[in-house]
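Thanks for making the time this morning; I would like to walk through one model with you, slowly. Please have the viewer open as I speak.

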Amino acid sequence: MAFVNYETAFKDEAVYRQDIKFESLCSYGVKCLDDAMLAIARNELVVIGATSGYGKTELALHISKINALNGKKIAHYNLEGGSREAIQRLKWKDMCDLYFAEHYGEGVDLDYRAWILNKNPHPLLLKLEAEVYDDLKNRIGENLYLYDNPGGLYCRDFCESLVRLEGLRADLTLEPDLRKNLKGITNLDLIVIDHLHYFSLDKDEEEIREITEILKTVKIITEEMEIPIILV
């Protein structure tokens with residue numbers, strides 16, 4: 001149906017809006033954003049854009065973590081650095097918070113670069129890492145999934161990874177119609193993609209065509225599957 005009249009549209013909107021359970025929506029986990037935006041709507045595409053080094057990845061990881069802690073199921077794509085870099089960033093922030101809360105003044109040099117390169121590891125850092133793990137393994141549990149594929153991510157791989165995460169198809173033979181592939185993916189509360197320009201593009205395709213296909217997939221997920229997406 002291409003058109004609906006005013007009365008039908010009016011009533012349909014009311015039913016849709018009144019069916020929303022506000023407490024079930026994802027949040028930003030940042031006070032100023034939550035004050036301004038209240039929550040992340042279930043059919044919303046949120047775009048994060050900024051110059052390199054301004055904290056886009058840090059914000060994206062924070063949004064994923066805070067919602068996972070709140071019991072939401074998150075699929076996080078850290079396409080630039082992979083899952084290892086993502087967990088390093090998450091882990092280090094928690095270790096630093098724990099250090100300043102309980103061990104401040106014990107003389108540990110909190111140098112992220114030295115830590116990831118394993119330069120002279122301090123025993124206290126190993127202790128903090130273990131405490132962070134014990135604290136979060138049950139609280140986050142099966143809520144946060146970090147995509148890991150060093151070979152890059154094509155649009156087709158993106159669809160397949162979501163299908164695989166949901167465990168919906170055993171053969172993983174994708175249909176030409178994206179809607180058929182994504183139908184039934186309802187168990188996710190949020191997808192975070194960091195970032196768009198690190199999607200792999202087929203050499204025999206025009207870049208604009210590939211990006212259009214990616215954005216079309218994103219639109220299907222947000223509007224038809226009603227799973228919000230954070231796109232960096």
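I will take the sheet to begin with, then a pair of helices, and then the cavity and the pocket.

This is a predicted model, in which local features need pLDDT of at least 70 and side-chain atom pairs count only at pLDDT 80 or more, while totals for chains, interfaces and linings use all residues. Residues are numbered from 1 along each chain as its sequence is written, and side-chain values use heavy atoms, with hydrogens and water left out.

Helices (H or I, at least four residues) and strands (E, at least two) are DSSP runs, numbered from the N terminus. Five strands form an open sheet in the order 1-5-4-2-3, with parallel pairing, where two strands pair if DSSP finds at least two bridges between them. At the edges, each pairing on one side only, are strand 1 (45-47) and strand 3 (144-147). Strand 1 is joined to strand 5 (residues 229-231) by three bridges, and Val47 has Leu231 as its bridge partner in strand 5.

Now to the helices. The axes of helix 3 (residues 56-69) and helix 4 (residues 82-102) come within 11 Å and cross at roughly 75°, the axes being lines fitted to C-alpha atoms, for helices over the stretch in contact, and the angles running from 0 to 180 degrees between N-to-C directions. That makes helix 3 roughly perpendicular to helix 4, a label given to angles of 65 to 115 degrees. Taking contact as heavy atoms within 4.5 Å, Thr57, Glu58, Leu61 and Lys65 in helix 3 meet Ala86, Arg89, Leu90, Lys93 and Asp94 in helix 4.

What lines the largest cavity? Glu58, Leu61, His62, Lys65, Arg89, Leu90, Lys93 and Asp94 do, and helix 3 and helix 4 are the elements that give two or more residues to this lining. On a 1 Å grid over the protein atoms alone, a cavity is a set of points where a 1.4 Å probe fits but cannot get out, whereas a pocket is an open set with protein on both sides within 12 Å along at least five of seven lines, and lining residues have an atom within 4 Å of a point. The largest cavity holds about 60 Å³ of space, with volume taken as the space filled by probe spheres set on the points, which are joined across faces, edges and corners.

The largest pocket holds about 350 Å³ and is lined by 14 residues, with Ile87, Tyr133, Leu136, Lys137 and Ile140 lying nearest its centre. Helix 6 gives the largest share of that lining, six residues.

Definitions and conventions: Parallel < 35°, antiparallel > 145°, perpendicular 65-115°, else oblique.
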